[in-house]
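Here's one to pick through together. Have a look at the model first, then we'll go question by question.

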Amino acid sequence: MNNSDIADLIDEIDILIPTIMKKMEFNTLAGIFGINIDLTISQFHVLMSVIYNEGCPISTLSKNMSLSPGTMTGLVERLERKDLLIRKHDQSDRRVVTVWLTKKGVEFVSTFQKKRMEFLKIILVEMGKENRDMFISLLRTTDEIMNNLLQE
């Protein structure tokens, strides 16, 4: 493969990956799924992080998401006003504030995840078994090569 062919592939990758990622973003999928909720992508990422780290301190959440504590506090406050999150003071150390999903938050995340799974299932079924297997294999290979390059 010559340099021109590689440059053409890189150009196509540079177009396809952001295009596909844009289609997988929360706001795009929420519209497709008919979920009417006013959330920014950052607020959505906070909710998704909390679902896997429920009850964690805001400080831990901000570190995990590489956000400043002030930015995280603002995001949490806005999600609290939307009744999707609740903050609680830790009983053993009142300075520590933990974050929890409300019932509405759990329902929203659960509905979104279910619809996202249905959407991805349609895509994977449409690919057919051979393309699906090749797709997963290529993703794993790409991840492995990137991990090796980043460790050097």
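Met1, Ile6, Leu9, Ile10, Ile13, Ile17 and Met21 make up a nonpolar patch on the surface, and together they have about 700 Å² of accessible area. A patch here joins nonpolar side chains (Val, Leu, Ile, Met, Phe, Trp, Tyr) within 5 Å, using residues with over 30% relative accessible area and no salt bridge; areas come from the Shrake-Rupley method with a 1.4 Å probe, only the protein chains shown counting as cover.

This is a predicted model, where local features need pLDDT of at least 70 and side-chain atom pairs count only at pLDDT 80 or more, while totals for chains, interfaces and linings use all residues. Residues are numbered from 1 along each chain as its sequence is written, and side-chain values use heavy atoms, with hydrogens and water left out.

Q: Is Leu9 buried, partly exposed or exposed?
A: Leu9 sits in helix α1, residues 3-24; helices are DSSP runs of H or I with at least four residues, strands are E runs of at least two, and both are numbered from the N terminus. Buried means under 20% relative accessible area, exposed over 50%, and partly exposed in between (1.4 Å probe, protein chains only). Leu9 has 40% relative accessibility, so it counts as partly exposed.

Q: Where is Ser49, and is it buried or exposed?
A: Ser49 is in helix α3, and leaving out residues up to four places away in sequence, it touches Leu61 and Met65. With 13% relative accessibility, Ser49 counts as buried.

Q: How many residues apart in sequence are the parts that Lys82 and Asp38 tie together?
A: Lys82 and Asp38 form a salt bridge (a side-chain nitrogen of Lys or Arg within 4 Å of a carboxyl oxygen of Asp or Glu), with the closest N and O atoms 3.8 Å apart. Lys82 lies in the loop between α5 and β1 (85-89) and Asp38 in the loop between α2 and α3, so the pair ties together parts that are 44 residues apart.

Q: Which elements hold Glu77 and Arg87?
A: Their side chains meet in a salt bridge at 3.7 Å, N to O. This pair links distant parts of the chain, 10 residues apart: Glu77 is in helix α5 and Arg87 in strand β1.

Q: Is Arg95 buried or exposed?
A: Arg95 forms a salt bridge with Asp93, the closest N and O atoms being 3.0 Å apart. Asp93, at 23% relative accessibility, counts as partly exposed. Arg95 has a relative accessible area of 73%, so it is exposed.

Definitions and conventions: Contact means heavy atoms within 4.5 Å. Patches are made of residues with over 30% relative accessible area and no salt bridge: like charges are joined within 9 Å, nonpolar side chains (Val, Leu, Ile, Met, Phe, Trp, Tyr) within 5 Å.
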